[in-house]
Amino acid sequence: MTRAEAKERNRRALLDAAFQVVSRDGYRARLEEIAERADVTTGAIYSLFGSKNGLVVAVVADYLRPHYEEIERAVPAGLGLLEAVDAFARHYRRMCDALDALPRLSLQITLLDMALHDRDLGSRLAESIRAQEAHLIAVFTGRSHNGGTVTPQQAQRLATALRALFVGLGQGIPLGLAPGADEQFFADTARALASGMSRVDHDADTS
């Protein structure tokens, strides 16, 4: 194994180990246990990620990247905005029934708890999540809607609103707090949100 290969192996092992430990223990996660699970020293964590917070931020980016890549594949090019939002909503609802739905919910709640305990971590997590969300903004930008084309600013507003909507619904489903929230419900709700986008932006511009 070359030095570069060993470094990548250690990085991957630490990300996987940190995901498991952080999902379980949150801000109480111990670097010693993460390093032990990855079969490296704690010094490797500082060498590769700079700090515990750096490792946590890297875990979130590593976790979200394939999630947004799946969204890009699930929403075909050429669809209008409402059709694209519909496809995204249905894809998100199917994820709520996936095998990793409960671990994903656990990680969401754990990260929120960690962010509340550590302001620096909270700001770094928000920055990382915004960077990944740029992929979703790009998915909606340029789509046709109401005789026009969705701008990056409109797509950003819509992505923020959809994230809030689906995170709330996604947390409610495994807890039994969203009865009847099937694919059609997700799609109808998301379409209603997107349909009012131009009106909302016009009102904001003239207020």
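Biologist: Before we look at the residues, what does buried mean here, and what does exposed mean?
Modeller: Buried means under 20% relative accessible area, exposed means over 50%, and partly exposed lies in between. Please keep in mind that this is a predicted model.

Biologist: Understood. Is Q132 buried or exposed?
Modeller: Q132 has a relative accessibility of 9%, so it counts as buried.

Biologist: And where is Q132 found?
Modeller: Q132 belongs to helix α7, which covers residues 119-140.

Biologist: Which residues is Q132 in contact with, leaving aside its neighbours within four places in sequence?
Modeller: With those neighbours set aside, the contacts of Q132 are A61, L64, R65 and Y68.

Biologist: Let us turn to H91. Where is its place?
Modeller: H91 sits in helix α5, residues 81-95.

Biologist: Is H91 buried or exposed?
Modeller: H91 is buried, because its relative accessible area is 10% and the cut-off for buried is under 20%.

Biologist: What does H91 touch?
Modeller: Not counting residues up to four places away in sequence, H91 touches E70, I71 and A74.

Biologist: Now R37, please. Which helix does R37 lie in?
Modeller: R37 is part of helix α2, made up of residues 31-38.

Biologist: One last point: what separates R37 and P174?
Modeller: Their C-alpha atoms are separated by 29 Å, and the two residues are 137 residues apart along the chain.

Terms used. Residues numbered from 1 in each chain as written. Predicted model: local features only at pLDDT ≥ 70, side-chain atom pairs only at ≥ 80, totals over all residues. Heavy atoms only, no water. Helix = DSSP H or I, 4+ residues; strand = E, 2+ residues; numbered from the N terminus. Buried < 20%, exposed > 50% of the residue type's maximum accessible area, 1.4 Å probe, protein only. Contact = heavy atoms within 4.5 Å.
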